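Dear colleague,

I am passing on the structure below, and I would be grateful if you could look through it alongside the notes that follow.

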Amino acid sequence: MKGPLSGLARGLAVTLATLGRPVVTAEYPDVTPTLAPRSRGVIALLEENCTVCMLCARECPDWCIYIDSHKETLEVEGAARARQRNVLDRFAIDFSLCMYCGICVEVCPFDALFWSPQFEYSETDIANMTHEKERLREWMWSVPPPPALDPGAPVAKEVDPSGRPARTAGATRAERPERPERPERPERPERAAGATRAERPERPDRADRPARRTPSPTTAATTPPTTPPTTPPPTPTTPPTPTPAPPPQDEP
Amino acid sequence: MPEALEVVLRAVAVLAAFLVLPLLVGQTEHKVMAHMQGRLGPMYAGGFHGWAQLVADGVKFAQKEDSVPAAADRTLFRLAPGIALVPYLVAMSAIPLAPGVVAADVDAGLLFVLAASAVAVLGILVGGWASGNKYSLLGGMRTAAQLLAYELPLVLAATSVAMAAGTLRLSGIVEAWQPWWLLWQAPAAVVFLVSAVAELQRPPFDMPIADAELVLGAYTEYGGLRFALFLLAEYAGIVVMSGLFAVLFLGGWSGPFPEALGWLWTLAKTGLVAVLVIWIRVAWPRMREDQLQALAWKVLVPLALAQLVLTAALVVAL
């Protein structure tokens with residue numbers, strides 16, 4: 001019988017089938033939700049990595065990042081002149097303005113900003129949604145280690161230079177030849193699954209980085225090392241090829 | 001003296017059933033409806049799966065202000081929840097659970113229960129009229145229209161069973177009931193169930209309440225304990241109608257197990273019908289007012305009359 005009765009029967013069938021299925025209710029405060037990898041909960045700041053380059057504040061579409069800093073002059077024994085470096089005084093993100101686009105995380109050249117899945121920071125007053133660098137630094141502890149590449153994801157250009165065409169002098173983008181075929185996937189299965197640190201021989205030892213960045217032993221003592229031993233896992237997100245050491249912060 | 005004691009005992013038993021069973025149906029509705037919609041329903045009150053949700057609701061309702069609108073007819077406004085609730089208590093006392101297990105084995109029990117439950121609907125009409133609010137009045141009028149339309153098929157369907165059994169006594173009907181009546185009285189059962197749900201103004205026949213357009217109709221001006229009484233009346237109505245359905249069409253305490261467990265059969269059948277009423281509510285959308293009337297007069301009444309003819313023919317032939 002087609003008509004109203006079949007519709008009624010379908011309604012009963014649908015509700016009965018739903019009764020038999022597991023519920024979709026998330027018992028949130030009682031059960032912590034399983035969040036997707038790369039969940040955008042809050043932006044954490046690894047203060048030690050920040051060089052006050054202001055790129056994040058400039059790129060922020062909402063202008064919700066507030067940065068204050070001052071220059072400190074360091075008298076270096078035996079150097080020709082005093083060295084200067086930036087000291088971060090204030091780094092605050094107004095999460096009532098933030099639209100969680102992640103541009104600041106993307107543009108940060110020194111891996112000082114990270115996405116944390118932590119989302120339980122609601123406030124009763126909108127003015128309290130501005131969080132200072134201490135709170136942002138605390139959130140670094142909740143930043144998960146970088147997830148492994150998806151199965152079948154292309155190998156990063158930095159790791160796999162063979163897949164890149166040779167750059168000819170003066171060649172514009174439009175004239176670039178077609179990319180040659182990548183080597184077959186199965187050849188490097190362990191890379192695609194997420195290369196571990198031990199398998200990257202070209203990677204410099206972290207410990208000697210601060211020494212290269214600040215050659216003077218006196219400054220090395222005053223400046224916090226780029227990666228103190230307390231740093232949580234995310235720091236390995238630095239690309240495997242050694243980043244060029246930041247230019248010395250000297251005044252010309 | 002023992003006779004007086006027995007009367008008191010029976011009254012207390014009915015009152016206990018009257019206070020417990022509607023809450024049980026309400027809690028079942030909470031949970032079954034939630035799971036039919038992929039939700040969990042109440043989970044906190046009472047600790048275990050929110051079993052005390054309705055108790056908590058009752059406490060909340062009791063704490064609320066008892067306000068009467070200025071334009072309302074004060075006496076009637078205060079009286080209406082009682083008019084809606086008490087008849088179901090009276091009706092419940094006449095529904096038998098097992099042979100002898102009935103508060104009052106009335107001779108014309110079927111008539112008594114139907115009459116009492118019809119009075120209960122009047123409580124809503126009174127409330128709608130007394131509220132002095134246009135939505136309440138509209139809701140009350142729709143209630144009245146629905147009562148007029150669905151009382152007839154309800155009574156006709158019940159008459160069919162009474163005719164088949166040859167008695168108006170509810171326990172007599174159960175004794176005369178035989179399993180093949182399930183088929184014989186099936187149209188009457190459908191008509192009775194649909195009319196009962198409409199009489200209770202449960203979805204899909206909740207046009208008089210229609211919270212989206214009439215802001216709960218007759219209940220608009222009610223709050224606190226009086227509103228809770230209306231709610232209780234609705235669930236008590238489900239219990240009474242489900243019990244009546246189980247007794248009339250499902251054979252009450254007839255079942256495979258020993259006679260002593262008969263009351264359990266009646267309760268189980270009542271519960272099953274109550275769950276069906278809840279299920280219907282979840283599955284189907286609300287009907288329009290004209291569709292409501294059309295269903296009653298063009299479908300249910302002719303169907304009930306045809307069933308009556310069939311029953312009469314078989315009763316005469318057998």
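This is a predicted model: local features need pLDDT of at least 70, side-chain atom pairs count only at pLDDT 80 or more; totals for chains, interfaces and linings use all residues.

Residues are numbered from 1 along each chain as its sequence is written, chains are lettered from A and ligands numbered from 1 in the order in which they are written, and side-chain values use heavy atoms, with hydrogens and water left out.

Chain A has seven helices and five strands, these being DSSP runs numbered from the N terminus (helices are H or I with at least four residues, strands are E with at least two). Along the sequence, the elements of chain A come in the pattern α-β-α-β-β-α-β-β-α-α-α-α. Of the 252 residues in chain A, 28% are buried, and among its contacts between residues at least 6 apart in sequence, 74% join residues at least 24 apart.

Turning to the interface, 13 residues from chain B and 13 residues from chain A take part in the contact. The two chains bury about 1200 Å² between them, 71% of it on carbon and sulfur atoms, where buried area is the accessible area (1.4 Å probe) that two parts lose on being put together, summed over both. Met36(B), Trp279(B) and Trp284(B) supply 41% of the area that chain B buries against chain A, more than any other three residues. The elements of chain B that give two or more residues to this side are α1 (2-36) and α11 (262-283). There are zero salt bridges between chain B and chain A, a salt bridge being a side-chain nitrogen of Lys or Arg within 4 Å of a carboxyl oxygen of Asp or Glu.

Over all chains, however, the whole structure holds 13 salt bridges. One of them joins Glu72(A) and Arg85(A), with the closest N and O atoms 3.2 Å apart; Glu72(A) lies in strand β2 and Arg85(A) in strand β3 of chain A, so the pair ties together parts that are 13 residues apart in sequence.

In chain B, Asp66(B) and Arg226(B) meet in a salt bridge at 2.9 Å, N to O. Asp66(B) sits in the loop between α2 and α3 and Arg226(B) in helix α10, so this pair ties together parts that are 160 residues apart in sequence. Asp66(B) is partly exposed, with a relative accessible area of 41%, whereas Arg226(B) counts as buried at 16%.

Another salt bridge in chain B links the side chains of Arg142(B) and Glu213(B) at 3.4 Å, N to O. Finally, Glu29(B), Arg202(B), Glu234(B) and Arg281(B) are linked in a network of salt bridges.

Note on methods:
Buried means under 20% relative accessible area, exposed over 50%, partly exposed in between (1.4 Å probe, protein chains only). Contact means heavy atoms within 4.5 Å.
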